[in-house]
Amino acid sequence: EDLSMVTRPRSLPLLTPYEKRDGRPVRLWTTFSADQIDLNFRSIDVLVDMVRVMLAYVEHGADILRLDAIAYLWKEIGTVCIHLPQTHMMVKLFRAILDAIAPHVLLITETNVPHRENISYFGDAGDEAQIVYNFSLPPLLVHALLSGSCAALNKWLMTMPQAQLGCAYLNFTASHDGIGLRPLEGLLSDDEKLAMIEAITGFGGLLSMRKAADGSDHPYEMNIALFDAM
């Protein structure tokens, strides 16, 4: 199968070899790493089991459910396998189930992608996540503090669309995943991003990389504590 179009958030193999219980070799889809095997939501059994897991969290008192890296949920060979219509339909389904059973529970989507792609998870009619991580904010804050200029940060803030009624952005400064760089696409020039990366690595920070469609590696996240970054 031709998997060359698949969007990669890591510079690691997409397929990982494993052994089944009977010893047969298989290669399974691992978007992020070999210890994190993807689930096939095309299977009704998988879907039902995961809905049960979701509702178990609700039963134990969860008020907010985070859909981690949800953009990569659905796969169609021959496509980029990110933000597919089926993925958005799954988020709508999770939202509809919660609205029917536990309407007080909120969904938050975690999508470390460019800003316009990120906010698409509100849904066209506000029928997907009630909250999305505001992923462009952390790297823009770091850039403003390191460069001494808040021009890019202010321009982004002034052009950011208002969240739909009943929805909200989650403003945050850093996460366990590091400071994402893809959310800067279209917001900073290549030279500005490079200067920030060089400053961060100069302070001892590390970079996690992603593999582009042409096989080249690109910085994906800056991994450093904000105290060290400053």
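This is a predicted model: local features need pLDDT of at least 70, side-chain atom pairs count only at pLDDT 80 or more; totals for chains, interfaces and linings use all residues.
I began with D127, which counts as partly exposed because its relative accessibility is 28%; buried here means under 20% relative accessible area, exposed over 50%, and partly exposed in between (1.4 Å probe, protein chains only). D127 sits in the loop between α3 (115-118) and β5 (131-133). Helices (H or I, at least four residues) and strands (E, at least two) are DSSP runs, numbered from the N terminus. I also checked D127 against D99: they are 28 residues apart in sequence and 9.9 Å apart in space, C-alpha to C-alpha.

Residues are numbered from 1 along each chain as its sequence is written, and side-chain values use heavy atoms, with hydrogens and water left out.

Next, the overall build. I get seven helices and nine strands for the chain. The radius of gyration is 19 Å, close to the 17 Å from the globule rule for 230 residues, so the chain is as compact as a globular protein of that length. (The radius is taken over C-alpha atoms, and the rule is 2.2 Å times the number of residues to the power 0.38.) Along the principal axes, the C-alpha atoms fill a box of roughly 55 × 45 × 30 Å. Of the 230 residues, 43% are buried.

The largest pocket comes out at about 630 Å³. On a 1 Å grid over the protein atoms alone, a pocket is an open set of points with protein on both sides within 12 Å along at least five of seven lines, a cavity is a set where a 1.4 Å probe fits but cannot get out, and lining residues have an atom within 4 Å of a point. Grid points are joined across faces, edges and corners, and a volume is the space filled by probe spheres set on the points.

α1 (44-59) and β3 (64-68) each supply at least two lining residues.

I found one cavity of 30 Å³ or more. The largest cavity holds about 30 Å³, and its lining includes W29, Y72 and K75.

D68 took me back to β3. β3 pairs with β4 (residues 106-110) in the parallel sense over five bridges, and D68 stands opposite E110. Two strands pair if DSSP finds at least two bridges between them. With α2 (residues 85-101) included, β3 and β4 make a right-handed β-α-β unit; right-handed means that, with the strands pointing away from the viewer, the path from the first strand over the helix to the second runs clockwise.

Last entry: an open antiparallel sheet of three strands, ordered β7-β9-β8. β7 (179-180) and β8 (206-211) are its edge strands. β8 and β9 (residues 217-223) share six bridges, with S208 opposite E221. In their hairpin, with five residues between the strands, G215 takes a positive phi near 90°.
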